[in-house]
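Colleague: Could you walk me through reading this model with me? I'd like to begin with confidence and then move on to packing.

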Amino acid sequence: MALKRLELPPPRVLLLVLSAFLGFLALESFLLWAYGGMPLRLGLLDLLFWGALMLWSVSVRVPLPLSASMSQFFIFALALAVFTPPWVSPILSFALQWSGKVWYKSLFNRSQNGLATALAALAWQFFQQNPVYMGSWNLSAGVGIAAASLAFFLANTTLVTTAISLANKISWREAWRKNFSWLALSYLLLSPLALLLARAYETPLLAGWGGWTVLFFLIPLYYSRFYWDEKVRLEQAFDTTLELLMNALEAKDPMTRLHSERVADIARDLARKVKGGDEAYAQAVYRASRLHDIGKIAIPEHLLLKSGTLTPEEYGLIQSHTTRGAELLSPARKVAFDLLVYNVILYHHERWDGRGYPKRLAGQEIPEEARIVGLADAYEAMTAGRPYRKAKTPEEALREVQELSGHQFDPRLVEAFTELWEQNPIWRDRQAYLEAKEGSVSHSTSTPRSSDSASPSPSEPGSRTSEG
């Protein structure tokens with residue numbers, strides 16, 4: 001029987017995995033050499049108890065964005081490092097991990113946990129051998145657990161963030177922000193529990209066995225984990241709310257979803273290109289693009305569906321969809337949507353020359369994400385057609401985008417857009433895009449409905465306006 005071919009990650013990821021594994025082996029070897037003579041002081045049942053706690057903590061890990069997760073494994077690893085020789089806890093940390101993933105992911109998870117625990121154990125041991133005093137007070141235990149916690153946290157999150165960054169081709173900073181920045185404070189505040197658990201196990205308070213006290217302290221640990229999980233669930237709930245908002249808008253204007261999806265696909269590709277492949281930024285722009293016209297929910301339906309030319313007053317009302325959209329989502333500003341989303345909603349109709357709306361911003365004053373979505377929105381509108389003009393071909397629309405470089409659009413974005421267009425992406429031809437999304441939808445483009453471009457922009461008279 002032929003051997004199954006070994007699955008390999010990208011070279012940079014493989015190098016990180018092997019580096020973490022070799023780093024763990026090297027540091028664990030040093031700990032065995034330096035502290036191998038220290039008495040273990042634990043029996044088999046003690047090791048089984050702490051091993052079971054580690055396995056339990058791994059089984060209730062909390063999923064994080066970008067294919068990561070977080071658990072309270074570190075508390076038990078630190079507690080074990082307090083009252084055992086420094087080499088014990090890293091070995092258990094390496095061994096007691098679920099192995100159901102691809103081999104290199106499993107090896108990385110084991111190695112980074114083992115390495116982080118080894119560094120934490122080394123930090124703890126350093127302050128036990130070099131006591132810290134404030135007057136007559138011995139602060140070695142408090143300083144030691146703080147140093148051990150910090151060592152574990154920095155090693156663990158640095159390695160995991162690097163792996164996410166390499167695997168997903170996103171910036172390191174963005175991977176950290178999405179996965180760990182909000183966890184740092186609660187993580188560090190929980191770390192003293194490790195010292196408390198260790199001391200409780202060493203000095204039994206119930207029935208002569210410290211394990212009962214440790215189990216009692218699992219209650220606040222569970223609720224802290226519950227908080228982490230609820231925060232993730234809250235973000236997922238807002239994603240669902242986003243879909244509901246889009247469904248409500250689609251009910252008013254059936255063309256909106258097809259428009260927003262194509263704008264979002266164009267904007268994502270353009271954002272990825274101008275940011276050097278930063279996938280997190282591209283996905284954030286994609287998400288914001290889906291919402292860029294959300295303010296139309298607040299616009300009277302008869303204006304959205306009007307087939308004739310809009311009066312200046314009516315067009316002014318439709319222009320207000322930018323500010324209305326930002327106002328509509330303002331309650332979620334601090335818990336669901338970041339500034340990028342509001343920048344896109346509010347400023348995607350601003351122009352490079354300062355003749356757009358609602359703020360008449362110009363050039364670099366316009367947030368980059370709004371400039372990206374504005375270009376994508378315009379290209380989609382050009383190739384979709386409007387009641388006062390027929391749809392342009394992809395070639396005609398590209399030429400118009402290029403002609404408006406430095407006027408309506410950021411010249412750097414136009415250059416990047418041109419390079420993308422020449423690669424013939426699926427969104428380049430609207431009909432091909434719609435057929436790929438919906439099957440045959442020729443009926444949807446034969447009589448397009450009006451939108452906020454149903455009449456020429458007051459700032460750009462005539463048929464040269466290119467707004468979606």
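Predicted model: local features only at pLDDT ≥ 70, side-chain atom pairs only at ≥ 80, totals over all residues.

Colleague: What is the mean pLDDT of the protein chain?

Modeller: The mean is 78, and 75% of the residues reach 70 or more. Over residues 439–466 pLDDT stays under 50, and for that stretch the model has 73 contacts beyond four places in sequence.

Colleague: Now packing. Which residues touch the most other members of the largest nonpolar core?

Modeller: In general, nonpolar side chains in soluble globular proteins tend to be buried together. Here the largest nonpolar core has 56 residues, and W50, M54, L78 and F108 touch the most other members. Elements giving two or more residues to this core include α1 (11–35), α2 (44–59) and α5 (103–129). Its largest share, 10 residues, comes from α3.

Colleague: What does W50 touch, leaving out residues up to four places away in sequence?

Modeller: W50 touches F76, A79, L80, F83, L197, Y201 and V214. Another core, of 49 residues, lies apart from the largest one, and its members include L291, I345, L375 and A378.

Colleague: And L398, is that residue buried or exposed?

Modeller: L398 counts as buried because its relative accessibility is 8%, below the 20% cut-off. L398 sits in helix α19 (residues 394–403). Beyond four places in sequence, L398 touches Y379, F417, T418 and W421.

Terms used. Residues numbered from 1 in each chain as written. Heavy atoms only, no water. Helix = DSSP H or I, 4+ residues; strand = E, 2+ residues; numbered from the N terminus. Buried < 20%, exposed > 50% of the residue type's maximum accessible area, 1.4 Å probe, protein only. Contact = heavy atoms within 4.5 Å. pLDDT = per-residue confidence, 0-100. Core = buried A, V, L, I, M, F, W, Y, C linked by side-chain atoms within 4.5 Å.
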